[in-house]
Amino acid sequence: MPETRRKYDPEFKEGAVRIVRETGKPIAQIARDLGVHEGTLGNWGAKDRAEREGTEGLSMGDAAE
């Protein structure tokens with residue numbers, strides 16, 4: 001039986017990433033507390049960092065340059 005993906009609204013994602021940034025707690029712990037897979041929360045955090053650093057849309061090589 002196929003597993004259905006959960007949809008998270010942007011406010012939830014932003015709040016979860018903010019908790020990671022502000023508390024310094026491990027992503028795994030915060031993900032468990034929020035009921036989110038830790039890989040998902042890690043992806044949200046990586047995307048947030050890329051957006052804040054202005055590397056959105058660049059390849060890893062381009063961003064390094």
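Biologist: How many helices and how many strands does the chain have?

Modeller: Bear in mind that this is a predicted model. From the N terminus on, the elements run α-α-α-α. The tally is therefore 4 helices and 0 strands.

Biologist: What share of the 65 residues in the chain is buried?

Modeller: Buried here means under 20% relative accessible area. Out of the 65 residues in the chain, the buried ones make up 18%.

Biologist: Is the crossing of H1 and H2 left-handed or right-handed, and which residues of H2 make the contact?

Modeller: H1 passes H2 in a right-handed crossing. On the H1 side, the contact is made by Phe12, Ala16, Ile19, Val20 and Thr23. By class, the contact has 7 nonpolar residues, 1 polar and no charged ones. The H2 partners are Ile27, Ile30 and Leu34.

Biologist: How are H1 and H3 oriented to each other, roughly parallel or roughly perpendicular?

Modeller: H1 covers residues 10–23, and its axis comes within 10 Å of the H3 axis. The two cross at roughly 85°. The range 65 to 115 counts as roughly perpendicular, so H1 and H3 are roughly perpendicular.

Biologist: How many charged residues does the contact of H1 with H3 have?

Modeller: H1 brings Phe12, Lys13, Ala16, Val17, Val20 and Arg21, while H3 brings Leu41, Trp44, Gly45, Asp48 and Arg52. By class, there are 6 nonpolar residues and 1 polar one, and the charged residues number 4.

Biologist: Is Asp48 buried or exposed?

Modeller: Asp48 is found in helix H3. Its relative accessibility is 16%, and the cut-off is under 20%. So Asp48 counts as buried.

Biologist: Which side chain makes a polar contact with the side chain of Asp48?

Modeller: Not counting residues up to four places away in sequence, Asp48 touches Val17 and Arg21. The polar contact, at 2.7 Å, is with the side chain of Arg21.

Biologist: What about H2 and H3: at roughly what angle do they cross?

Modeller: H2 takes in residues 27–34 and H3 residues 38–53, and their axes come within 8 Å. H2 is roughly perpendicular to H3, and passes it in a right-handed crossing. The angle is roughly 115°.

Biologist: Which residues in H3 does H2 meet?

Modeller: From H2 come Ile27, Ala28, Ile30 and Ala31. Counting both sides of the contact, the residues divide into 5 nonpolar, 1 polar and 1 charged. The H3 residues they meet are Glu38, Leu41 and Gly42.

Notes:
Residues are numbered from 1 along each chain as its sequence is written. This is a predicted model: local features need pLDDT of at least 70, side-chain atom pairs count only at pLDDT 80 or more; totals for chains, interfaces and linings use all residues. Side-chain values use heavy atoms; hydrogens and water are left out. Axes are lines fitted to C-alpha atoms, for helices over the stretch in contact, and angles run from 0 to 180 degrees between N-to-C directions. Angles under 35 degrees count as roughly parallel, over 145 as roughly antiparallel, 65 to 115 as roughly perpendicular and the rest as oblique. A crossing is left-handed if the near helix is turned anticlockwise from the far one by less than a right angle, and right-handed if clockwise. Contact means heavy atoms within 4.5 Å. Ala, Val, Leu, Ile, Met, Phe, Trp, Tyr, Cys and Pro count as nonpolar, Asp, Glu, Lys and Arg as charged, and the others, Gly among them, as polar. Buried means under 20% relative accessible area, exposed over 50%, partly exposed in between (1.4 Å probe, protein chains only). A polar contact is a pair of N or O atoms within 3.5 Å; within protein, one must be able to donate a hydrogen and the other to accept it, and residues adjacent in sequence count only if both atoms are side-chain atoms.
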